[in-house]
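Colleague: I am new to this structure and would like to learn how to read it. Could you walk me through it, a feature at a time?

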Amino acid sequence: MNKSKKPTFREFLKSQVEAGLPVFFDGGIGTMIQKTGFTDYDIPEDISIEKPEIIEDIHKAYLRAGANVITANTFGALPLKLISAKYSCKEYIEAEIALEKKCIEEIEAEGNTRPHYASWDTSQIGRLLEPMGELTFDEAYETYKEAAMIAEKAGAEIAIIETMADLREVKAAVLATKENTNLPIFASMTFQPNLRTLTGADIRTVVVYLESLGVDLIGFNCGGSLNEDDKIVAEFMRYAHLPVCVEPNAGLPTVINGKAVFLVGAEEFAEHHKKYRGLGASVFGGCCGTTPEHIAEMVKVIEFMPPQKRKPCEFENATFICSYNSSVQIGGNAGPQIIGERINPTGKKKVKEALLAHNMNFVLGEAESQINAGAQILDVNVGLPGIDEAQTMVDAVKTIQGAFNTPLQIDSSEGPVLEKALRYYNGKALINSTNGRQDVMDKVLPLVKKYGGAVVALCIDEAGIAPTAEGRVAVAEKIIAEAAKYGIPVRDIVIDTLTLTVSSQQKEALETVRAIQILKEKYGEQGLQFVLGVSNISFGIPRRDIINSRFFAMALYAGLSACIINPLMQPMMETYYGYRALAGFDENCLDYIEKYNDTPAPVYGLTAEQVALAKGASTSLSHQNALGIGGAATAVAGGNGATAEPQKARPPEAGTPSVDGVIGTPKLPENLTESESSLINIICKGFKDSSPEATKKLLEEGKEPVEIIDRCIVPALDIVGKDFEIGKKFLPQLLLSADTVSNSFAVIKAHLEASGVAQESKGSIVICTVFGDIHDIGKNIVKAMLENYGYTVIDLGKNVPAEKVVETVLEKDIQLVGLSALMTTTVANMEDTIKLLREKLGAVGKTCKIMVGGAVLTADYASQIGADYYAKDAMVSVSIAKEVFGK
């Protein structure tokens, strides 16, 4: 075809989607390399330089099969992954993209008139990012930046960021690519059998997050069975506004004659893609196990279907924000949401003192108390003279996100503060705020566009706050029009019609509610939402709780979507739960019943003396509850907004709800002291900065190190592990608890060294990623959990030759070995390692147990290659170690 007329990939994708026509990617590269029988390479990228004809044949086969886009053999070519590689990142990428372009030119010379595009393909760095690991966001950004710039200069036409498991790492890769190149971006996740990513993100959260990053194409690749993929595609299409790409495996692998074999044939594969086309997907390809035959059949089946123009998704105009693995819908069919207001120094002496002292444990406590009280979103405002607001904001955000997955509202009037916080926030934030002043919109709206987010927009401009609803509506419409210039949809705007004080502006106060009604009527179907800081209404008058709760009710019935309140104030929460029940957002009133069943109604008409007595130490808990002043929060008679301190959590008893309310199978020791209970809760919640002091306190109280381990650390880890197993907690919480335990162990180790006593190990385990595989995230997670359970882990690293494993096992007399592999091309090396271990150990009359894990493995597969155990995750590896060592 005439190259001068070839559209860019971005143009081609847009035109195909608008016409209802498909776009085709290629299939698996590793599978095709295996088929050649060629094994003389360290990593697959070596082949593009040392045996380029193999990769050329693969690319040409896929182009002839109908692919528009060929995937570069650069999956692992990132600077941080190539420390021990033969060639540099630049050499790998330049050689491969030159091959791609050569193949495209030769295929087009044959008369193939499809538009064809050479890609740069990248994936996970192979190390966990903070707070789960030690790799910083900036380090991840820099490695993706270097590779992306090389790729664009070499002639890549699209960036494929694929097989990703951590959305924070995706954000680093996307920002690095967007800020340093003009390449269109395809961001693709991979999912586990529970239809969540490794870090626990469900599909809705993935779509919300990826779309907020401003990529061109989203989707998934790799994964499990096609039946699982059917569910993933259906869920993607409920939420996605961008084109969706589907690149599944050819089913799950099995071992036949010592090789990984994918049993789903081309026709079955194509039939599933036909289904995906019917669901609304626009771009199609394959991953592990797929071949040119699979892609050719897929192309034939889909191209036979009539054009299918994209229909609005089920949640086309819904407003979502998210954290790294949890999303919240604001308004719409989800109803109103509560934004906890307490992390804000304005009028709060304790918050000011904590921020000045950089006391992030206080911030954590405020976050926890609000989440427990029912807040679905947390406002974070650290604006205070005398501190570095930008850095303090980032520290607060990182601290909260390290312990909780609740989405955040980033609250600052300073552009640099917003930008820094949004860059490091892990998710799609609610941004507070912009307003109708042109200089403010010019400052804030570009940040919303660049980093993604929903923005709070205040109905105030250069003329101030309009006294009438119509005046505030005019300001809101100005903001909506300005946001549209940046491509910010109405659904990502949350209007604040501004709460005025009823004591001084009585007429204007209710205009706030009327403005919501007018805007909702005009823009509600486009997804416009509304938020208010409710408590401003009652400033300067007594019994503020009365006015606050009644005004809150009026606003809710007018269409309020979110409220910035103190969730520890009972009258406000009673109004909230009552409204949700009456308005039909609480189906069958289940939340209301759960919240208020068996709770006494407040008693009115008490004297001041009776109230004072109720607050005294001699008052019973039941009397406190009857007065409405007990529990997690207190709304006292004065109505001044004061609240009681949150109650200390108790560890879960055997057979009772665990820390997060799930029935806990693990049994706790009897007669726990308050200090023991405190450490258990600290571990369960992952408050890693609190564990050293709690551990020191136990040692000072005379507890022996072994008692602390057996009565606190192991039971707490068992609780967290059980919640992880049943899907109540996810990898970030699991690793945070592991870090918390590591801090406790550091104290215990120092105590033992000072006393001259050595810490006893439960057993030694060798782990590694097998030869040819440079990915070790899974291995590192396993290592962290095994060490925290008291096992000694000898980590041989990644890309480890079988001989090295055997040598270490024999030298150390190891009883348990753990082997990891991510790629289909390296599973054969795992089997070779197992065979060599059996052979060499058998020759000297020894044995050891072998557990294996990795993305491409199954229990059947593990058995077929000779492993004793299949460890599907880190907690299973702990169970295996307990079985092998008997402790």
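Colleague: Let me start with a glycine. Where does Gly28 lie?

Modeller: Gly28 sits in the loop that runs between strand E1 (23-24) and helix H2 (30-36). Keep in mind as we go that this is a predicted model.

Colleague: Is Gly28 buried or exposed?

Modeller: The idea is to look at relative accessible area, where under 20% counts as buried. Gly28 has 7%, so it is buried.

Colleague: And which residues is Gly28 in contact with, leaving aside its neighbours within four places in sequence?

Modeller: Gly28 is in contact with Tyr62, Gly286, Cys287 and Thr290, once those neighbours within four places are set aside. You can also read a separation between C-alpha atoms: those of Gly28 and Tyr117 are separated by 17 Å, and the two residues are 89 apart along the chain.

Colleague: Can we try a residue in a helix? What can be said of Ser549?

Modeller: Ser549 belongs to helix H19 (residues 544-558). Its relative accessibility is 2%, so Ser549 counts as buried. Beyond four places in sequence, Ser549 is in contact with Pro571, Met572 and Thr575.

Colleague: Now helix pairs, please. At what angle do H7 and H8 pack?

Modeller: Helix H7 (residues 167-180) and helix H8 (residues 203-212) pack at about 20°, and their axes are 11 Å apart. Angles under 35 degrees count as roughly parallel, and H7 and H8 are therefore roughly parallel to each other. The crossing of this pair, H7 and H8, is right-handed.

Colleague: Which residues make the contact of H7 and H8?

Modeller: On H7 they are Leu167, Arg168, Val170 and Lys171, and on H8 they are Thr205, Val206, Tyr209 and Leu210. Sorted by kind, the residues of the contact of H7 with H8 are five nonpolar, one polar and two charged.

Colleague: How do H25 and H26 pack?

Modeller: Helix H25 (residues 691-700) and helix H26 (residues 705-725) pack at an angle of about 125°, with axes 10 Å apart. That angle makes H25 oblique to H26. The crossing of H25 and H26 is right-handed. Thr695, Leu698 and Leu699 of H25 make the contact with Pro705, Ile708 and Cys712 of H26. The residues of this contact, H25 with H26, divide into five nonpolar, one polar and no charged.

Colleague: What should I know about nonpolar cores?

Modeller: In soluble globular proteins, nonpolar side chains tend to be buried together. In this model, the largest nonpolar core has 219 residues, and Phe236 and Ile410 touch the most other members. Not counting residues up to four places away in sequence, Phe236 touches Phe191, Ile203, Val206, Val207, Ile218, Gly219, Phe220 and Val244. There is also a second, separate core of 29 residues, with Val255, Leu819, Val827 and Ile834 among them.

Colleague: How do I read the backbone?

Modeller: Most residues other than glycine have a negative phi, and most peptide bonds are trans. A cis peptide bond joins Glu130 and Pro131, with omega about 0°. Pro131 is in the loop between strand E3 (117-122) and helix H6 (137-154). The bond from Asn432 to Ser433 is cis, with omega near 15°, and Ser433 lies in strand E16 (residues 430-435).

Colleague: What about phi at Asp598?

Modeller: Asp598 is not a glycine, but its phi is positive, about 65°. Asp598 is in the loop between helix H21 (590-596) and helix H22 (608-614). Its relative accessibility is 75%, so Asp598 counts as exposed.

Colleague: Is Asn799 buried or exposed?

Modeller: Asn799 is buried, with a relative accessible area of 18%. Asn799 has a positive phi of about 55°, though it is not a glycine. You will find Asn799 in the loop between strand E22 (792-795) and helix H29 (802-812).

Colleague: Which residues is Thr769 in contact with beyond four places in sequence?

Modeller: Asn799 is one of them, along with His775, Asp776, Lys779, Gly797, Lys798, Val800 and Ser820. Thr769 itself lies in strand E21 (residues 764-769), and Thr769 is buried, with a relative accessible area of 0%.

How values were computed
Residues are numbered from 1 along each chain as its sequence is written. This is a predicted model: local features need pLDDT of at least 70, side-chain atom pairs count only at pLDDT 80 or more; totals for chains, interfaces and linings use all residues. Side-chain values use heavy atoms; hydrogens and water are left out. Axes are lines fitted to C-alpha atoms, for helices over the stretch in contact, and angles run from 0 to 180 degrees between N-to-C directions. Helices (H or I, at least four residues) and strands (E, at least two) are DSSP runs, numbered from the N terminus. Angles under 35 degrees count as roughly parallel, over 145 as roughly antiparallel, 65 to 115 as roughly perpendicular and the rest as oblique. A crossing is left-handed if the near helix is turned anticlockwise from the far one by less than a right angle, and right-handed if clockwise. Contact means heavy atoms within 4.5 Å. Ala, Val, Leu, Ile, Met, Phe, Trp, Tyr, Cys and Pro count as nonpolar, Asp, Glu, Lys and Arg as charged, and the others, Gly among them, as polar. A nonpolar core is a set of buried Ala, Val, Leu, Ile, Met, Phe, Trp, Tyr and Cys residues joined through side-chain atoms within 4.5 Å. Buried means under 20% relative accessible area, exposed over 50%, partly exposed in between (1.4 Å probe, protein chains only).
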